[in-house]
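Colleague: I have a few "how do you know?" questions about this model. Could you set each value beside its cut-off as we go?

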Amino acid sequence: AYSIDSLLAEQANDLEQALWEAIRALEEKAALARRMAANARQHQRFISETQFLERAREARHHADLVRQIVLQQEQAKRQSDTSELPNGKRESDQQQV
């Protein structure tokens with residue numbers, strides 16, 4: 001049987017893993033679009049080159065946004081973990097008593 005805390009922790013880990021996979025997929029999409037832009041340039045298809053470069057820029061931007069969110073969440077989790085007291089309660093819990 002799962003406790004609520006362990007279930008939430010497992011879901012958080014699954015979500016983080018999915019977000020890192022999304023980042024990798026977006027980076028691969030950007031890399032592919034850059035290769036396609038280079039190929040279009042070699043064949044003097046300049047409109048296609050511009051379109052592929054824009055797709056690459058957008059994919060990279062989205063990857064950067066997702067990465068920023070994941071890193072912010074990791075930092076918040078570390079700060080939350082370090083604020084726990086030895087008895088398993090958090091400092092914020094202790095202050096409310």
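Colleague: Which residue with a positive phi follows α1?

Modeller: That is Q44, with a phi near 55°. Please keep in mind that this is a predicted model, in which local features need pLDDT of at least 70 and side-chain atom pairs count only at pLDDT 80 or more, while totals for chains, interfaces and linings use all residues. Residues are numbered from 1 along each chain as its sequence is written, and side-chain values use heavy atoms, with hydrogens and water left out.

Colleague: What makes the pattern of the protein chain α-α-α?

Modeller: The protein chain has 3 helices and 0 strands, and α-α-α is what you read along the sequence.

Colleague: Why is E49 called buried?

Modeller: Buried means under 20% relative accessible area, exposed over 50%, and partly exposed in between (1.4 Å probe, protein chains only). E49 has 12% relative accessibility, which is under 20%, so E49 counts as buried. You will find E49 in helix α2, residues 46-82.

Colleague: Which side chain joins that of E49 in a polar contact, and what makes the pair count?

Modeller: The partner is R41, at 2.6 Å. A polar contact is a pair of N or O atoms within 3.5 Å; within protein, one must be able to donate a hydrogen and the other to accept it, and residues adjacent in sequence count only if both atoms are side-chain atoms.

Colleague: What do the buried residues of α2 pack against?

Modeller: They pack against α1 (4-42). Besides E49, the buried residues of α2 include F52, A56, A59, A63, R67 and V70. On the other helix, I23, L26, A30, A31, A33, A37 and A40 are the buried residues of α1, and α2 is included in what covers them. In the whole protein chain of 97 residues, 14% count as buried.

Colleague: Why is H62 called partly exposed?

Modeller: Its relative accessibility is 40%, which lies between 20% and 50%, so H62 gets that label. H62 lies in helix α2, and its C-alpha atom is separated by 8.0 Å from that of I23, 39 residues away along the chain.

Colleague: What makes E27 and R67 a salt bridge?

Modeller: A salt bridge is a side-chain nitrogen of Lys or Arg within 4 Å of a carboxyl oxygen of Asp or Glu. The N to O distance between E27 and R67 is 2.0 Å, within 4 Å, so the pair qualifies. The two are 40 residues apart, with E27 in helix α1 and R67 in helix α2, so this pair links distant parts of the chain. A search of the whole structure finds 6 salt bridges.

Colleague: Why are R57 and E54 separated by about one helical turn?

Modeller: They are 3 residues apart in helix α2. An α-helix has 3.6 residues a turn, so residues three or four places apart point the same way. R57 and E54 form a salt bridge too, with their closest N and O atoms 2.8 Å apart.

Colleague: Which residues does the network of salt bridges join?

Modeller: First take D64 and R60, whose closest N and O atoms are 3.5 Å apart in a salt bridge. They are 4 residues apart in helix α2, so about one helical turn separates them. Salt bridges that share partners join E27, R60, D64 and R67 into one network.

How values were computed: Contact = heavy atoms within 4.5 Å.
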